[in-house]
Amino acid sequence: MSDLLLLGIETTCDETAAALVRRRGDGTGTILSNVVRSQTEAHAEYGGVVPEIASRAHVEILDHLIALALRSAGVTLAQVDGIAAAAGPGLIGGVIVGLTTAKALALAANKPLIAVNHLEAHALTARLTDKVPFPFLLLLVSGGHTQLVAVTGVGEYTKLGGTMDDAIGEAFDKTAKMLGLPYPGGPEVERAALKGDASRFALPRPLHGKPVPDFSLSGLKTAVRLEALRIAPLSDEDVNDLCASFQAAIVDILADRVRCALRVMRERGMVPNALVLAGGVGANQAVRRVLHKVAADAGTRLAVPPPELCTDNGAMIAWAGAERLALGLTDDLGTAPRARWPLGEVEGVAAPARGTTG
């Protein structure tokens, strides 16, 4: 199989990104450029992402970032083998911006279009960074998603468990907001936790020990709020201790739920080659440490992309596009953007062909 060079475009939330990635015939890959512009400052005063602001920012900067990514990689649009864009799930305004731009480029340059599921991109990134073979267990933890998925191939995903309410990243952000910490909350909670006493507050571990690897975070979040109200006004020490106690609970929950998922996966006849951690929460060092131990205890290894590839970026979209294009999976110009797009609905090689643009 020949090498494939893909342009990837990511606009599903508050990062605008473009990247060039080469997938070699042996399945290994190289990132040639990866340009990301965050909108954190634009949304900080609102304590969360404002969809209209996000989509306008994508419109204003995306063309420039694509040009910069091509220039940084030292290639032209004519040299790429395909154009990949995140087609969902995400904030629909942003998804429309990225997918429409990709369609225009694919049409103008007569290149294949690959409409990438944003979650699939997270799932496959470890194959770019760590050469992880199928099958593997994916723990996807971000501001909008908390899932445990058995990954047996490109387009082959079996959800084993997920959150019943809040995503873990969302719980971090909401806890930070309750405690008066800046947005985005995840890194702020982690920093405060380093200075706190994790044993001070006895917070719950919802669903701990249950036989199905699901998550529930709303009760934990409520427990933090009640403790904060009980001891208000909060000192810096109080905030640090609450953050440390909250993070310790999250770590315990993740360890228990992942052990459960590894067991369920094996019961279904799948022996995982790795536990893959993906999504923004994957940058949390306490989470990484405990999952290294969980993976080792289960006789496998933890694979985590570097922090800059855990958060949203164009390289993961380009890589997922290359993985799909290598299997002949392309999309036509009528492909619709999707605000919701479960991994289980992603098509693989067993699905009917959907056409090409070129």
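Guide: Start with a loop: asparagine 110 sits in the one between α3 (92–109) and β5 (113–117). The model is predicted.

Visitor: What is the phi of asparagine 110?

Guide: Its phi is positive, about 55 degrees, although asparagine 110 is not a glycine. Most residues other than glycine have a negative phi.

Visitor: And is asparagine 110 buried or exposed?

Guide: Asparagine 110 counts as exposed, because its relative accessibility is 52% and the cut-off for exposed is over 50%.

Visitor: Okay, new topic. Where are the cis peptide bonds?

Guide: One joins tyrosine 183 and proline 184, with omega about 0 degrees. Proline 184 belongs to the loop between α5 and α6 (185–194). Another cis bond joins alanine 232 and proline 233, also with omega about 0 degrees. Proline 233 is in the loop between α7 and α8 (236–267).

Visitor: You mentioned α5 and α7. At roughly what angle do their axes cross?

Guide: Roughly 10 degrees, and the axes of α5 (residues 168–178) and α7 (residues 218–231) come within 10 Å. Angles under 35 degrees count as roughly parallel, so α5 and α7 are roughly parallel to each other.

Visitor: Which residues meet there?

Guide: From α5, Lys174, Thr175 and Met178; from α7, Lys221, Val224 and Arg225.

Visitor: Now the sheet. What is the strand order?

Guide: The order is β8-β7-β6-β9-β10, in an open sheet of five strands with mixed pairing. β8 (156–162) and β10 (302–303) are at the edges with a single partner strand each, so one side of each has no neighbour in the sheet.

Visitor: How do β6 and β9 pair?

Guide: In the parallel sense, over four bridges, between residues 136–141 of β6 and residues 275–278 of β9. Leucine 138 has valine 276 in β9 as its bridge partner. Helix α9 (residues 285–297) packs on the sheet and touches β6, β9 and β10.

Visitor: Last one. What is the mean pLDDT of the chain?

Guide: The mean is 92, and 94% of residues reach 70 or more. Over residues 351–358, though, the pLDDT is below 50. Where pLDDT is low, the predicted coordinates should not be read in detail.

Note on methods: Residues are numbered from 1 along each chain as its sequence is written. This is a predicted model: local features need pLDDT of at least 70, side-chain atom pairs count only at pLDDT 80 or more; totals for chains, interfaces and linings use all residues. Side-chain values use heavy atoms; hydrogens and water are left out. pLDDT is the predictor's confidence in each residue, from 0 to 100. Contact means heavy atoms within 4.5 Å. Two strands pair if DSSP finds at least two bridges between them. Helices (H or I, at least four residues) and strands (E, at least two) are DSSP runs, numbered from the N terminus. Axes are lines fitted to C-alpha atoms, for helices over the stretch in contact, and angles run from 0 to 180 degrees between N-to-C directions. Angles under 35 degrees count as roughly parallel, over 145 as roughly antiparallel, 65 to 115 as roughly perpendicular and the rest as oblique. Buried means under 20% relative accessible area, exposed over 50%, partly exposed in between (1.4 Å probe, protein chains only).
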